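This briefing summarises selected structural features of the protein shown below, grouped by topic.

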Amino acid sequence: MRVKFPQTAYILGAFVVCVLVYFFFSQKTHETNVLSAHFFDQSAPQGYFLAERKSVVQQQNFVPMVIPLKRNSSFDYKAAMKELNDARVPMDDPRLIQIIRDYYLDPPSQEPYTLENPGRLEYSNGQTPFVDSRLNYIEGGFYVEAGALNGEKGSNTLFFEKVRKWNGLLVEADPDNYAVLKTKHRKAFTINACLSTKKYPNMVTFNKGFNRGRIYDNKEAIDWVNREKNLPVNTIQAQCFPLYSILLALGQTTVDFFSLDIEGDEMHVLETIPFDKLNIKMMTVEFVHGANGEETLRSVVESKGYESLLKVQRWDGGVNDIIFRKKGLIH
Ligand SMILES: *[C@@H]1O[C@H](CO)[C@@H](O)[C@H](O)[C@H]1NC(C)=O
């Protein structure tokens, strides 16, 4: 017995070490792959969930919305826009709406997708399935995504277009990203512009930077760019439009899902939105930037009649979003 006891102890000890090592590594890989999700609201989603809609998880065909564009090649729309910028015209000025519709909006592509990952359904780090379920898997909705980046990487809206046959609007200010976005042949309206942080159109200095591009015209933005690692200053002049103006140009005042991730000006853009004139059902908004970013964002959006549903964060800090839904939404 005195000889056997240490042997058993060795075997037991080795077993315990193996279990610990296994758990350590499984936890580690778990952490690096998974988003942390914090539910603010544990209540069940409202409405009736139709099983057949839930099960439609393959790519669908649909004919995107068409609006007539009347481009006149001899009309100097940039000079006309400069006058409207200088005059700080209101968001619903008919001349502004007309110029956006005819000269800035690009129509949805009629060609097949050319995506890097064509077979994929979910590009969004897990946000779209959540939003999809909370909107009762509706088909034919309308989304807005700003910044749209290259139209595929991390896209919060491609699922709705491919699977749920939604029309939409992609907003991307960086001309390099926009050029790549156009090659993907998204079935959405696109606009190479920024969302205005003011209730009028304006020209701004914009610092390019792939997924870290942002308006670069105030101290907070300049400090932020200086603090970011490996982010050179590489600016352009960009035309910004209020979101409301672009939606009026499209004749679209209902937005089922609005994804707002513009590296710092989210709050300013939200302040321009007339929530009484637009019906925006769900939103995901990046919150990390600024002091008390999360609390400020939640209190402002909740004061506009929304409830915070979910906070989504990725281990590397690349995703920091809060998902909101309009209170009393019935499907
Ligand atoms: C096109 O624009 C030019 C310059 O503004 C204008 O003179 C002309 O009448 C316009 N043509 C049409 C068909 O609107």
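**Contacts of Ile246 and overall make-up**

Ile246 touches Ile100, Leu169, Ile191 and Phe241, not counting residues up to four places away in sequence. The model is predicted, and its secondary structure comes to 11 helices and 13 strands. Of the 331 residues of the protein, 37% count as buried. Among contacts with a separation of 6 or more, 74% are between residues 24 or more positions apart.

- Ile246 is part of helix α9.
- Ile246 counts as buried because it has 27 C-beta neighbours inside 10 Å, and the cut-off for a buried residue is 20 or more.
- Although 146 residues separate Ile246 from Ile100 in sequence, the C-alpha atoms of Ile246 and Ile100 are 6.6 Å apart in space.
- The largest nonpolar core comprises 68 residues, and those with the most contacts inside it are Leu169, Val171, Cys194 and Ile246.
- Helix α9 supplies the largest share of this core, with 7 residues.
- In soluble globular proteins, nonpolar side chains tend to be buried together.
- Cys194 is in contact with Ala173, Val204, Phe206, Ile215, Ala238 and Cys240, leaving aside its neighbours within four places in sequence.

**Packing of α4 against α9**

- Helix α4 (residues 94–104) and helix α9 (residues 243–250) have axes 8 Å apart and pack at an angle of about 70 degrees.
- Helices α4 and α9 are therefore roughly perpendicular to each other, as angles of 65 to 115 degrees are counted in that class.
- The crossing in which α4 passes α9 is right-handed.
- On the α4 side, the residues that meet α9 are Leu96, Ile97, Ile100 and Arg101; their counterparts in α9 are Ser245, Ile246, Leu248 and Ala249.
- Sorted by class, this contact of α4 with α9 has 6 nonpolar, 1 polar and 1 charged residues.

**Packing of α3 against α4**

- Helix α3 (residues 77–87) and α4 cross at roughly 150 degrees, and their axes come within 11 Å.
- This angle makes α3 roughly antiparallel to α4, because the class covers angles over 145 degrees.
- Helices α3 and α4 form a left-handed crossing.
- Tyr77, Ala80, Met81 and Leu84 of α3 make the contact with Arg95, Leu96, Ile99 and Tyr103 of α4.
- By class, the contact of α3 with α4 has 7 nonpolar, no polar and 1 charged residues.
- Leu96 takes part both in the contact with α9 and in the contact with α3.

**Helix α5 and its surroundings**

- The buried residues in α5 are Gln127, Thr128, Val131, Asp132 and Arg134.
- These buried residues of α5 pack against α6 (158–162) and against the strands β10 (254–260), β11 (279–286), β12 (306–313) and β13 (320–326).
- The loop between β2 (105–106) and α5 (127–134) contains Pro118.
- Pro118 is exposed because 11 other C-beta atoms lie within 10 Å, and a residue with 12 or fewer is placed in that class.
- Pro118 and Glu152 lie 34 residues apart in sequence, with their C-alpha atoms 9.8 Å apart in space.

**Backbone features in loops**

- The peptide bond from Ala146 to Gly147 is cis, with omega near -15 degrees.
- Gly147 is located in the loop between β3 (142–146) and α6.
- Lys165, a residue other than glycine, has a positive phi near 60 degrees.
- Lys165 is in the loop between α6 and β4 (167–171), and with 18 C-beta neighbours inside 10 Å it counts as partly exposed.
- His185 is not a glycine, yet His185 has a positive phi of about 60 degrees.
- The loop between α7 (175–183) and β5 (189–191) holds His185, which is partly exposed, with 16 other C-beta atoms within 10 Å.

Terms used
Residues numbered from 1 in each chain as written. Predicted model: local features only at pLDDT ≥ 70, side-chain atom pairs only at ≥ 80, totals over all residues. Axes fitted to C-alpha atoms, helices over the stretch in contact; angles between N-to-C directions. Helix = DSSP H or I, 4+ residues; strand = E, 2+ residues; numbered from the N terminus. Parallel < 35°, antiparallel > 145°, perpendicular 65-115°, else oblique. Left-handed = near helix turned anticlockwise from the far one by under 90°. Contact = placed C-beta atoms within 7 Å. Nonpolar A, V, L, I, M, F, W, Y, C, P; charged D, E, K, R; others polar. Core = buried A, V, L, I, M, F, W, Y, C linked by C-beta atoms within 7 Å.
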